[in-house]
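Please examine the sequence and the structure shown below. The briefing that follows treats the ligands, the domains and the backbone in turn.

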Amino acid sequence: MVKLSETAIEILKARYLRPGETPQELFERVARAVSEAELLYGPASQAARWEEEFLKVMENLEFLPNSPTLMNAGTPLGQLAACFVLPVEDSIEEIFASVSLMAKIQKTGGGTGFSFSRLRPKGDTVKSTNGKASGPVSFMKVFNCATDAIKQGGKRRGANMGVLSVNHPDVKEFITCKTDGKSFQNFNISVACTDDFFQKALKGGEIELINPRDGKVWSRVKADELLDLIAESAWKTGDPGILYIDEINRHNPTPALGRIEATNPCGEVPLLPYEECNLGSINLSKIVEKGRINWEKLERLVKVAVRFLDCVIDVNRYPHPEIEKMAKGNRKIGLGVMGWAELLIELEIPYDSEEAVELAERLMGFINRKAFEASAELAKQKGSFPNIDKSVYRGKTLRNATRTSIAPTGTISMIAGTTPSIEPLFAVGYVKRVLGGRRVPFIEPLLMKKVKELSLQQLKEILESGTLQRAEGIPEKIKRIFKTAHEIAPEWHLKIQAAFQKHTDNAVSKTVNLPKSATPEDIKEIFITGYKLKLKGVTVFREGSKEGVVEFKVDQE
Ligand code: TTP
Ligand code: GDP
Ligand code: 5AD
């Protein structure tokens, strides 16, 4: 039987449980629906065996799939993936076809990403009407409004990623389109930055802004000035983020099928148009036993998880035939982790230490390798992904074009009762306002586990400041392992991100937290460091710059 926290039960009740369903029944529904994929390849006994395995890892909160799988598996909706990228081509018909498909996906709780880079710039000519084009930012408003409307009826708020190439003539308007703090609330935005752009930003030089309609140079701009503008906007509101688009394409497993231009909303999955990806995460707090990592257990979990995510592709109901073709052609999955901060605390390793960076590499290296092996093994039983000969894995046996991805696990980490993704603790204590204005104190249970007892004075200090650092009488060693997101220097956020990225096929969703006093110049440095560290994307969040990164989560509504 599954044991859940009160918070977890509240979340499940709000959106995840079917009418009359218990949490236990939810996991049974998911295990049954997903394991049905096995019937396509083997006898019923095999499906039954995997149903049991899938149920066990979910019940134990050792592995959870992304929210749409929990919500929709075994239901008539049946759409199980969290991540989509849809094409936006340069005609009214194609733009609105994309809005329509977005709406259909958002009804099911999936997140959608778009590159708007193919749209002709504002002011360019439109032949049929002899008028002027409105440009990408203007059409993004249509997507944003449609999402607003669907919010009322869907499973959860829509979440979008809007990407524009740094070489698009409207890039400045795009960079600043969220700085009023009000517009595009249903979008995260990212600028797709090339190596050439960063080289010129570093050495001095201009980049060409090119009209995608005819490939002609529209104007030129100093790379350094553009990077300043991005940093300034991100300083104000957190947006835009950066996509290191050339690094992403260096790792594109199917370059013959096209260049990658966009990602899903939180950035962890770079995808081609019409591609989707289903995610799942291993709860790292469950692999620590007596102060050590149980590597055999981790290996077992990776194998079950890879099989689970691969089964999802076979039982999924696809919102569009082209999406089904891409999903079944490449069979991308994204296995990630949650509870990294909890694992570090259990092992008494500070987040901002070389030891943590080394462990991150070792751990994710292990997961990535085992996921690859599991996918190769699956290919022997069920066949390689159909596009394998058009991929970088040509000649090999492999079931999935990508295996790993680090998602934010915003909701599933709360269901599992651990820290999200690879993020540090956000606070060790705070006062939460609940419905009716009541104030409820919260102290991080992991802290209580390590210190056993706190004086009234210490409690007060922690609740007021959210941190341990100023509380008296707490050992230095404890203070060191309980540093919160804002107290950890940006370079350590980046180093941990880079350590995970090195061993992740897709990308890593990560927020680099900054104190309120951080400057646009600091943010520019972070973007340059991200480039040098070979990251695929970087997002910053400066304390107090807004209520939070675009909050899609159900419990915040
Ligand atoms: P289309 O619908 O393809 O218009 P068209 O057929 O006249 O195009 P072409 O000039 O290539 O022959 O839209 C082209 C682009 O112009 C697309 O980005 C949408 C934009 N557009 C507007 O912004 N406003 C309009 O009123 C129209 C018709 C198009
Ligand atoms: P979780 O499974 O709900 O914990 O989702 P994550 O926080 O790990 O996010 C993974 C991906 O799911 C994101 O990158 C988005 O693509 C999608 N997603 C997350 N939250 C939302 C949401 O509130 N609405 C929609 N439509 N998609 C979301
Ligand atoms: N680009 C990419 N990811 C983003 N996120 C927020 N804004 C952006 C953006 N502009 C991601 C953060 C965090 C999650 C909640 O959303 O990286 O992990």
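A polar contact is a pair of N or O atoms within 3.5 Å; within protein, one atom must be able to donate a hydrogen and the other to accept it, and residues adjacent in sequence count only if both atoms are side-chain atoms. This is a predicted model, in which local features need pLDDT of at least 70 and side-chain atom pairs count only at pLDDT 80 or more, while totals for chains, interfaces and linings use all residues. Residues are numbered from 1 along each chain as its sequence is written, chains are lettered from A and ligands numbered from 1 in the order in which they are written, and side-chain values use heavy atoms, with hydrogens and water left out.

**Ligand 1**

- An oxygen atom of ligand 1 lies 2.9 Å from a polar backbone atom of Ile-92, and an oxygen atom of the ligand is also 2.9 Å from a polar backbone atom of Lys-127.
- Arg-120 contributes a polar side-chain atom, which is 2.7 Å from an oxygen atom of ligand 1.
- Ligand 1 on its own exposes 590 Å², of which the protein buries 73% (accessible areas come from the Shrake-Rupley method with a 1.4 Å probe; for residues, only the protein chains shown count as cover).
- There are 13 residues around ligand 1, and Asp-90, Arg-120, Lys-127, Ser-128 and Ser-134 come nearest; a residue is near a molecule or strand if one of its heavy atoms lies within 4 Å of it.
- This shell comprises 5 nonpolar, 4 polar and 4 charged residues (Ala, Val, Leu, Ile, Met, Phe, Trp, Tyr, Cys and Pro count as nonpolar, Asp, Glu, Lys and Arg as charged, and the others, Gly among them, as polar).
- Helix H5 (residues 92-106) gives the most to the shell around ligand 1, namely 3 residues; helices (H or I, at least four residues) and strands (E, at least two) are DSSP runs, numbered from the N terminus.

**Ligand 3**

- Ligand 3 is surrounded by 13 residues, the closest being Asn-188, Ile-189, Ser-190, Asp-239 and Ser-509.
- A nitrogen atom of ligand 3 is 2.7 Å from a backbone N or O atom of Ile-189, and a nitrogen atom of the ligand is 2.9 Å from a polar side-chain atom of Ser-190.
- The side chain of Ser-509 has an N or O atom 2.6 Å from an oxygen atom of ligand 3.
- The shell around ligand 3 holds 5 nonpolar, 6 polar and 2 charged residues, and strand S7 (residues 187-193) gives the most, with 3 residues.

**Domains**

- The protein chain is divided into domain 1 (6-79 + 270-417) and domain 2 (83-263), with bounds from an automatic or database domain assignment.
- The C-alpha centres of the two domains lie 29 Å apart.
- Contact, meaning heavy atoms within 4.5 Å, takes 30 residues from domain 1 and 27 residues from domain 2.

**Backbone**

- Most residues other than glycine have a negative phi, and most peptide bonds are trans.
- The peptide bond from Asp-239 to Pro-240 is cis, with omega near -5°.
- Phe-184, in the loop between helix H7 (171-175) and S7, has a positive phi near 55°.
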